Amino acid sequence: MKKFNYTMNHKADEAYMAKMCHEGWAAVSLVEGVWTFESCRPDQYTFRVCYLRGKSNAEVEALKRSLAAQGIEFVSRYSFWAIFRSEHAFELYTPEEELAVIEKIRRPMLVGSVISWLAFLLVLLLALKVSAWFWVLCVLVAVYAGMCVCLGTSYTRLLHRLKQENRSLR
């Protein structure tokens with residue numbers, strides 16, 4: 001079965017996979033918001049998403065082997081992410097590591113937001129002063145800037161929520 005669901009962060013991906021697994025559907029791949037599922041027993045799997053940016057192919061393969069030795073199966077890779085599943089509960093990160101990963105993702109999104117909105121203003125000026133053809137580029141830059149803002153906001157909220165949860169656990 002295929003379904004479209006575009007989420008704004010990897011924890012939302014995990015929540016979506018858990019919801020679908022609860023309904024008897026296990027994720028087998030994700031490509032640009034299009035999920036592919038196969039039938040499974042309700043709540044058969046725990047799914048986790050791992051951030052791979054900066055890891056070499058050799059490091060990714062070593063990670064897969066290490067997790068496979070623990071009964072954790074590699075499911076799919078998308079962009080800088082990999083999906084893993086297991087029939088037992090597991091975590092890929094400690095709470096501190098999770099916060100560090102989120103901060104690593106969040107920072108470039110915030111910088112990208114500022115830079116892309118500045119680029120939008122420049123292209124808008126070109127569209128107004130030079131040629132109407134720049135409107136096409138203007139729209140594309142605005143869409144990119146909007147995505148950066150949405151992703152940056154999503155990861156900022158996630159960071160604050162997880163920090164709050166970590167404080168309440170202590």
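1. Start with a definition. Buried means under 20% relative accessible area, exposed means over 50%, and partly exposed lies in between (1.4 Å probe, protein chains only). Cys-150 is partly exposed, with a relative accessible area of 42%.

2. The model is predicted: local features need pLDDT of at least 70, side-chain atom pairs count only at pLDDT 80 or more, and totals for chains, interfaces and linings use all residues. Residues are numbered from 1 along each chain as its sequence is written, and side-chain values use heavy atoms, with hydrogens and water left out.

3. Now the overall layout. The chain has four helices and six strands. Helices (H or I, at least four residues) and strands (E, at least two) are DSSP runs, numbered from the N terminus. Read along the sequence, the pattern is β-α-β-β-β-α-β-β-α-α. The C-alpha trace spans about 60 × 40 × 35 Å along its principal axes.

4. Next, burial and surface. Of the 170 residues in the chain, 40% are buried. The chain exposes about 10,200 Å², and carbon and sulfur atoms supply 63% of that area. Accessible areas come from the Shrake-Rupley method with a 1.4 Å probe; for residues, only the protein chains shown count as cover.

5. Contacts come next. A contact means heavy atoms within 4.5 Å. Take the contacts between residues at least 6 apart in sequence: 61% of them join residues at least 24 apart.

6. Tyr-16 sits in helix 1 and is buried, at 11% relative accessible area. Leaving out residues up to four places away in sequence, Tyr-16 touches Lys-3, Asn-5, Trp-35 and Phe-37. His-88 is 72 residues from Tyr-16 along the chain, and their C-alpha atoms are separated by 18 Å.

7. How many disulfides does the structure hold? The count is zero. A disulfide is a covalent bond between the sulfur atoms of two cysteines. Here the term is applied to a pair of cysteine sulfur atoms within 2.5 Å. The closest cysteine sulfur to that of Cys-21 is in Cys-40, at 3.9 Å, so it is too far for a bond. Cys-21 is buried, with a relative accessible area of 0%. For Cys-150, the closest cysteine sulfur is in Cys-148, 9.5 Å away, which is also too far for a bond.

8. Pockets and cavities need a rule. On a 1 Å grid over the protein atoms alone, a cavity is a set of points where a 1.4 Å probe fits but cannot get out. A pocket is an open set with protein on both sides within 12 Å along at least five of seven lines. Lining residues have an atom within 4 Å of a point. Grid points are joined across faces, edges and corners, and a volume is the space filled by probe spheres set on the points.

9. The largest pocket has a volume of about 760 Å³. It is lined by 25 residues, and the closest to its centre are Tyr-6, Ser-79, Trp-81, Met-109 and Leu-151. Helix 1 (10-22), helix 3 (95-129) and helix 4 (134-169) are the elements that give two or more residues to this lining. Helix 4 gives the largest share, five residues. By class, the lining has 16 nonpolar, six polar and three charged residues. Ala, Val, Leu, Ile, Met, Phe, Trp, Tyr, Cys and Pro count as nonpolar, Asp, Glu, Lys and Arg as charged, and the others, Gly among them, as polar.

10. By the same rule there is one cavity of 30 Å³ or more. The largest cavity has a volume of about 30 Å³. Its lining consists of Lys-11, Glu-14, Arg-48, Val-49, Glu-91, Leu-92, Tyr-93 and Glu-98. Helix 1 and strand 4 (46-51) are the elements that give two or more residues to it. This lining has three nonpolar, no polar and five charged residues.

11. Check two backbone angles. Most residues other than glycine have a negative phi. Glu-32 has a positive phi, near 50°. Glu-32 lies in the loop between strand 2 (25-31) and strand 3 (34-39), and is exposed at 66% relative accessibility. Ser-79 has a positive phi of about 50° and is not a glycine. The place of Ser-79 is the loop between strand 5 (73-78) and strand 6 (81-86). Ser-79 counts as exposed, at 58% relative accessibility.

12. Last, Ala-89. This residue is in the loop between strand 6 and helix 3. Ala-89 is exposed, with a relative accessible area of 66%.
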